[in-house]
Amino acid sequence: MGGFYHGPRKGILLFMRLFATLLFLSTALQAAPPEFWPGAQYDAAIPTHAKVLGYDAGARISSHTQIMRYMEALAAAAPTRMRIFEYAKTWEGRKLIYAAIGSEASIRRLPEIKSVMQRLADPRKTPQADAKKLMTGLPAVVWLGYGVHGNEISSPDAALMTAYHLLAARNDKIVQDVLANTVVLIDPLQNPDGRDRFVHNFDIAEGLVPDDSPLAAEHNEPWPGGRTNHYYFDMNRDWFALTQPETKGRIRSLLEWFPLIFVDLHEMGSESTYYFAPEADPFNPHLSKDIMESLNWVGKNNAKWFDQFGFSFFTREVYDNFYPGYGASWPCYYGGVAMTYEQASSRGLLMRRSDDTVFSFRDTVRQHFVASISTLETAARYRERLLDKFYGFRRNAIEEGTNEPVKEYVFPRTGNVTGVDRLASLLTEQGIEVKRSTAAITVNGKSLPAGSYVISLAQPAKRLIRVLLDPNVPMEEKFLQEQERRRARKLPDEIYDVTAWSLPLLHNVEMISASAATPGSFEMVKAGVMPKGRVTGPAQGVAYLAPWGNSGTARLAVGALRQGYRVWSTDKPFTQNAKTFPAGTVVIKSKENPDTLAAAIRTLAADNGVEVTSTDTTWVDDGVNFGSRHVYQLQKPAIAIAWDRPTSAGSAGHMRYVLERQYGIPVTVVRTQQLATANLNRFNAIILPDAGFGEGYNGVLGANGARRLREWTAAGGTLIAIGSAVSYLADPRVGVLAIAQENRVKAAADPPRKKDDTEPRVPGKLFVKQEDYDKAIQADSEQPDQVAGVLAKAKLDPEHWMSAGAGPHIYALMNGRAIFTPIKLDKGFNAAVFAGPDEVVASGYMWEENRKQLAYKPLIVVQREGRGQIIAFTADPNFRAFMDGMNVLFLNAVLRGPARSRQAP
């Protein structure tokens with residue numbers, strides 16, 4: 001009764017926060033902390049942090065609500081110099097904003113500034129002479145982005161101090177120059193959902209006084225932590241995938257303004273100092289070498305101020321921009337200068353390092369603030385040259401696209417046509433010009449249907465096109481040689497993120513490189529506008545057929561199931577009226593459904609971009625009939641996902657996002673430990689995501705959990721395991737899955753000696769050459785070396801139901817070190833197996849030994865277990881939710897798998 005009333009507890013919590021703040025402030029005042037910007041004098045008409053929020057900058061970790069309140073207070077106090085723009089809302093309903101700050105003259109002409117940047121962005125329409133005139137007096141637009149990782153806590157509070165300083169500082173030469181020569185766009189909080197998750201965890205863990213122990217609960221978040229957004233996406237990896245509303249809105253805004261400098265302010269481990277550009281190797285070959293000069297301008301000016309204030313820093317280490325999905329890389333491909341700043345994190349109000357020094361949250365806020373002001377000073381100083389570089393970047397891109405051998409990339413609208421449509425739309429959302437043919441076209445002697453997409457490389461976004469669509473982006477040979485040297489000495493490599501991301505491979509769609517412009521009739525594709533689907537054939541058919549392998553078909557099938565219609569799927573192909581329908585085709589029979597079916601199918605087809613065939617007969621010319629034993633009725637999805645420890649928050653969240661937001665399938669997230677004791681009978685599929693760091697599934701579920709899952713599966717369930725969940729089920733101590741994880745293949749050598757514990761000495765050996773020593777110091781048994789991330793080609797068993805709709809091969813993102821033995825034929829099926837050693841690496845860089853060992857090993861294993869089955873994905877099919885080509889295989893497991901299980905009554 002009244003269980004939702006938390007008034008007294010909330011009051012106590014607020015009192016404790018106030019008390020802790022006052023105590024911390026009194027301590028800070030006694031220590032006489034340095035000013036944020038020594039000697040600065042501020043206009044009293046501009047409200048301070050303390051006046052609006054009740055505490056000084058850096059005294060508390062501000063929530064999203066508090067950040068919005070202060071930004072709105074600043075805008076209200078200086079409406080002629082600051083305007084706020086909302087650009088998106090998070091999944092949890094929190095708004096994202098950026099604030100434009102500049103001189104009164106600049107703020108009055110914001111629409112004009114934006115318009116001029118659009119004109120400079122297209123040198124085909126703006127000749128160089130006109131561009132020079134437009135640049136005269138044009139402010140340099142700078143975007144400062146704070147808090148993309150919610151538990152990297154200092155930068156959003158630094159954003160508030162930066163905005164205050166720009167508006168309130170009086171008689172400050174730097175601020176005057178900045179306002180006269182730039183328009184500053186401040187994005188104070190890029191990840192509100194993650195931020196508030198961190199603040200909540202901090203508040204409930206906070207004690208009487210700030211605790212500087214790294215072991216204190218206030219510094220250590222429970223699963224999933226605050227780094228990610230609602231669906232646990234690391235949004236600093238989402239820039240070209242555009243899966244999340246926060247990223248979509250931000251990139252839409254960037255393409256309106258084309259900021260000349262973009263800074264993404266982060267935090268790193270507490271034992272470090274401060275990082276700013278220039279970045280570490282490797283350098284992406286599709287970036288302009290000219291960008292290094294601009295990065296040095298910024299870095300040298302930052303170093304000047306850090307030296308003056310006594311802040312330690314480093315450059316050219318750890319943080320690269322090779323992967324184009326970072327905030328520190330994607331803006332470079334439209335011609336901006338993008339970079340990451342990293343501040344050692346206090347993860348609370350105070351932190352004690354291993355050398356016994358203590359630093360505060362306020363210290364971290366101040367350093368990000370100083371770096372922000374320094375960057376703006378650089379932008380103001382180099383305004384003209386930054387504008388000229390931007391225009392030159394885009395002009396040179398057009399010239400390169402005109403002169404290089406490949407003139408166009410062409411996507412035939414065949415196979416997974418809604419997947420091809422989605423890729424085309426994704427590219428247009430990033431400012432890439434895409435044309436759609438209105439009639440059949442011929443490319444390289446091959447006839448392609450109407451609706452195929454053509455992308456000319458002779459456009460300003462040419463470098464972005466190349467980096468996203470090229471099959472492979474090579475790393476510098478010198479860098480790779482150094483990584484191989486480090487690996488030989490068992491040192492960690494310096495590859496920061498995945499080395500492969502080619503969108504045609506990720507989406508598993510065909511791309512043709514054309515050496516000449518394609519003749520034909522075309523229309524420009526508009527961002528976010530997808531072709532509508534339709535129903536062909538009789539208005540009231542006896543059945544409706546939608547080919548599987550089309551991502552829109554899966555959404556249609558789910559939509560029909562959720563509306564209560566009965567839906568079937570074939571395991572074999574068939575031909576009707578000279579049209580061949582592939583294995584997996586969705587069949588919806590009119591007589592087995594209500595009279596509302598025809599209207600519902602028309603709506604579902606249109607909304608999901610699907611070509612549905614209405615047929616007036618169930619007779620087929622070849623293949624299986626609709627009543628065949630090879631045609632299975634799909635069940636309404638009832639899916640449980642293991643949630644919380646030990647799962648990887650990313651794997652669990654990305655999976656949930658794919659099912660819920662891309663395919664409309666509601667899921668139930670279940671605390672992992674409950675799977676060992678709960679009644680699971682209402683679910684027809686249970687998914688174990690990849691595990692994160694820590695004890696793994698064995699430590700949470702143990703033998704009893706494995707037994708319960710096995711019994712549930714044997715009774716007719718479909719158990720799906722991803723990544724290290726496969727290792728758990730395959731562990732001999734668990735004994736559920738009849739495969740094994742492999743150790744590294746060893747070169748021929750002496751067999752390892754069995755140690756006699758009673759003998760203190762071992763027989764002697766002679767080393768006559770260096771190679772003998774090198775061999776002697778190798779481990780007797782070890783796992784394969786860690787792989788940063790490559791796209792690996794796998795071949796599908798065309799006769800197995802799990803391969804339906806995917807074509808002859810697929811590409812999986814392989815990272816980590818897990819390689820598994822194939823399952824024996826008497827135990828199950830290897831539905832997808834990696835290709836041979838000469839073709840398994842489709843894109844990216846993989847160690848030679850791993851490449852050879854991965855060949856012909858399983859990607860997907862299916863094992864029958866009583867009435868049910870276990871489906872194992874040795875690589876995550878939902879990695880970052882950009883593996884669109886893998887969706888059909890994952891949906892085969894989730895939707896078509898339960899249809900094949902014989903659940904007990």
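This is a predicted model: local features need pLDDT of at least 70, side-chain atom pairs count only at pLDDT 80 or more; totals for chains, interfaces and linings use all residues.

Me: Which residues is Leu-120 in contact with, leaving aside its neighbours within four places in sequence?

Reply: Leaving aside neighbours within four places in sequence, Leu-120 is in contact with Thr-126, Ala-131, Leu-134, Met-135, Leu-138, Leu-387, Phe-390 and Tyr-391. Contact here stands for heavy atoms within 4.5 Å. Leu-120 also belongs to the largest nonpolar core, which has 237 residues, and together with Phe-873 it touches the most other members. A second, separate core has 31 residues, including Phe-683, Ile-686, Trp-712 and Ala-721.

Me: Why would nonpolar side chains be found together like that?

Reply: In soluble globular proteins, nonpolar side chains tend to be buried together.

Me: What makes α3 roughly parallel to α7?

Reply: Look at the angle. The axes of α3 (residues 64–77) and α7 (residues 154–168) cross at roughly 10° and come within 11 Å. Angles under 35 degrees count as roughly parallel, so α3 is roughly parallel to α7. On the α3 side, Ile-67, Tyr-70, Met-71 and Leu-74 make the contact, and on the α7 side Pro-156, Leu-160, Ala-163, Tyr-164 and Leu-167 do. Sorted by class, this contact has nine nonpolar residues, no polar ones and no charged ones.

Me: How many aromatic pairs are there, and why is the pair of Phe-240 and Phe-882 called stacked?

Reply: The structure holds 49 aromatic pairs. For Phe-240 and Phe-882, the ring centres are 5.8 Å apart and the planes are at 10°. Centres within 6.5 Å make a pair, and planes under 30 degrees apart count as stacked, so these two rings are a stacked pair.

Me: How do you know whether Phe-240 and Phe-882 are buried or exposed?

Reply: Buried stands for under 20% relative accessible area. Phe-240 has 0%, so Phe-240 counts as buried. Phe-882 has 3%, so Phe-882 is buried too.

Me: What makes the pair of Tyr-275 and Tyr-319 tilted?

Reply: Their ring centres are 4.9 Å apart and their planes are at 50°. Under 30 degrees would be stacked, over 60 would be edge-to-face, and the rest count as tilted; with planes at 50°, the pair is therefore tilted. Tyr-275 is in strand β6 (residues 274–275), while Tyr-319, 44 residues apart from it, is in the loop between α11 (291–309) and β7 (337–344). Both Tyr-275 and Tyr-319 are buried.

Me: Which residues do ring pairs link into a cluster?

Reply: Among them are Phe-36, Trp-37, Tyr-274, Phe-276, Trp-305 and Tyr-341.

Me: Why is Val-833 called partly exposed?

Reply: Partly exposed covers values between the buried limit of 20% and the exposed limit of 50%. Val-833 has a relative accessible area of 22%, so Val-833 is partly exposed. Val-833 sits in strand β32 (residues 828–834). Beyond its neighbours within four places in sequence, Val-833 is in contact with Ala-794, Lys-795, Tyr-856, Lys-857, Pro-858 and Leu-859.

Me: What about Met-524: why is that one partly exposed?

Reply: Exposed needs over 50%, and Met-524 has 47%, so Met-524 counts as partly exposed. Met-524 is found in strand β16 (residues 522–524). Leaving aside neighbours within four places in sequence, its contacts are Glu-433, Val-434 and Lys-435.

Me: And what makes Asn-444 exposed, while Lys-490 counts as partly exposed?

Reply: Set each value against the limit of 50%. Asn-444 has 53% relative accessibility, so Asn-444 counts as exposed. Lys-490 has 43%, so Lys-490 counts as partly exposed. Asn-444 lies in the loop between β12 (441–443) and β13 (446–448), and its phi is near 55°, a positive value in a residue other than glycine. Lys-490 is in the loop between α16 (477–488) and α17 (503–507), with a positive phi near 60°.

Definitions and conventions. Residues are numbered from 1 along each chain as its sequence is written. Side-chain values use heavy atoms; hydrogens and water are left out. Axes are lines fitted to C-alpha atoms, for helices over the stretch in contact, and angles run from 0 to 180 degrees between N-to-C directions. Helices (H or I, at least four residues) and strands (E, at least two) are DSSP runs, numbered from the N terminus. Angles under 35 degrees count as roughly parallel, over 145 as roughly antiparallel, 65 to 115 as roughly perpendicular and the rest as oblique. Ala, Val, Leu, Ile, Met, Phe, Trp, Tyr, Cys and Pro count as nonpolar, Asp, Glu, Lys and Arg as charged, and the others, Gly among them, as polar. A nonpolar core is a set of buried Ala, Val, Leu, Ile, Met, Phe, Trp, Tyr and Cys residues joined through side-chain atoms within 4.5 Å. Buried means under 20% relative accessible area, exposed over 50%, partly exposed in between (1.4 Å probe, protein chains only). Rings of Phe, Tyr and Trp (its six-membered ring) pair if their centres lie within 6.5 Å; planes under 30 degrees apart count as stacked, over 60 as edge-to-face and the rest as tilted.
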